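Here is a short note for a colleague opening this entry for the first time. Please keep the structure in view while reading the points.

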Amino acid sequence: MKRFIASGWLEAGGLSPPRRMDAVGSADLILEAMQHRPVLIVGDVQGDVERLREALAPYPADDVDTVFLGDFFQGGEPGAAGGAAAARLVMQRRNSRAVLGNHDLFLLVILERSRGVTELAEWRTRDGISIEELWLSRRGDWADLHAVAEDAELEGWLRGLPFMLMLDDSTLVQHTDDDRYAELGATVDEVNAAVSRHLNRPGGVLTALRYTIGRHAFADEQRLQRYLTHFGARRVVHGHTPHWGDAPVALHDGRVISFDGRFSRFWSDIPDDSGPISATVALLPELPA
Ligand SMILES: [Mn+2]
């Protein structure tokens, strides 16, 4: 067990094995190793569950703490319900946490409309097309909707997901590269409590969705710093806005890292237009001291 944990660390992260190895009993050693598992960040999956399985294969669930950045839905193989399969995989993965993305909320909006929730019945888009037409044009998949509608556990899990996480090293994790979540509360817990209230009343998913649209706020270094200060964080990790790097893209001395590396092979109409797995799925680098 001792060797397995130590070698798993080295192979997975190139990190140092736990200290004080000879000074503690095996139970303490295991506990310490668990507390120091490397953090694996998984950006926007967008329905490509097959590629998600491939991406996670090198990282057994007990070797890492896995953090998913949301947008499980919209963009997979048409008709294959890959978003629901991806969300289910995340729900069942040990040692993992996840946040909601706008596409996940969009699916819940369509789901509630399909159930006749009156608070959402009158919603139209600016162009006058129905919200279902907009959803389909953004690669919505009826097979995903039906899969979630028939799986109460999965829907309940989605409605229980937070908008934000604070990791032990004061890394803030969220879906968007936007600062609107700060309007929902002064702390991560306050934001998530507000989101939970929205997601558990009829039509509230639409209110929540409106907070998850914005982009590019963190390109402005002062705006970034205000946001980090608001939450007492040292850096923020996000998905949502595609990048074209081969690895996650860091800005402002690593205080922002973007993990939406165009993961789904089905999103673009152009063949072979997706990014490499390494652009979306990678170990979180340690913060400099
Ligand atoms: Mn998104």
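1. A definition comes first: two strands pair if DSSP finds at least two bridges between them. Strands β1 (residues 39-42) and β2 (residues 65-68) pair in the parallel sense, over four bridges. Within that pairing, I41 stands opposite V67 in β2.

2. Some caution on confidence. This is a predicted model. Its average pLDDT is 89, and 88% of the residues score at least 70. Residues 1-24 stay under 50. For this stretch the model has 25 contacts beyond four places in sequence. Where pLDDT is low, the predicted coordinates should not be read in detail.

3. Back to β1. Both of its faces are covered. V39 and I41 lie on one side, L40 and V42 on the other, and all are buried. β1 also runs antiparallel to β9, joined by three bridges. There, L40 has L283 as its bridge partner.

4. What do β1, α3 and β2 make together? They form a right-handed β-α-β unit.

5. Helix α3 covers residues 49-56, and its buried residues are V49, R51, L52, A55 and L56. Seen down the helix axis, these fall within an arc of 155 degrees, so they line one face of α3. That buried set packs against α4 (82-92) and β9 (281-283). The face turned away from the buried side carries R53 and E54, which are exposed.

6. Now strand β6 (residues 235-238). R235 and V237 point one way, V236 and H238 the other, and all are buried. β6 has a parallel partner in β5 (residues 171-174), through three bridges. In that pair, T171 stands opposite R235. Three bridges also join β6 to β8 (residues 256-258), again in parallel. Here H238 stands opposite S258.

7. The largest nonpolar core has 63 residues. I41, A86, V99, M164 and V236 have the most contacts inside it. Helix α5 (residues 102-114) gives this core its largest share, six residues.

8. Which residues does M164 touch, leaving aside neighbours within four places in sequence? The contacts are V99, L172, V173, Q174, Y181, V188, V191 and N192. One of them, V99, is also listed with M164 among the residues with the most contacts inside the core.

9. Two residues are worth a second look.

Definitions and conventions:
Residues are numbered from 1 along each chain as its sequence is written. This is a predicted model: local features need pLDDT of at least 70, side-chain atom pairs count only at pLDDT 80 or more; totals for chains, interfaces and linings use all residues. A nonpolar core is a set of buried Ala, Val, Leu, Ile, Met, Phe, Trp, Tyr and Cys residues joined through C-beta atoms within 7 Å. A residue is buried if 20 or more other C-beta atoms lie within 10 Å of its own, exposed if 12 or fewer, and partly exposed in between; C-beta atoms are placed from the backbone. Helices (H or I, at least four residues) and strands (E, at least two) are DSSP runs, numbered from the N terminus. Two residues are in contact if their C-beta atoms, placed from the backbone, lie within 7 Å. The arc is that of the directions from the helix axis to the C-beta atoms. pLDDT is the predictor's confidence in each residue, from 0 to 100. A crossover is right-handed if, with the strands pointing away from the viewer, the path from the first strand over the helix to the second runs clockwise.
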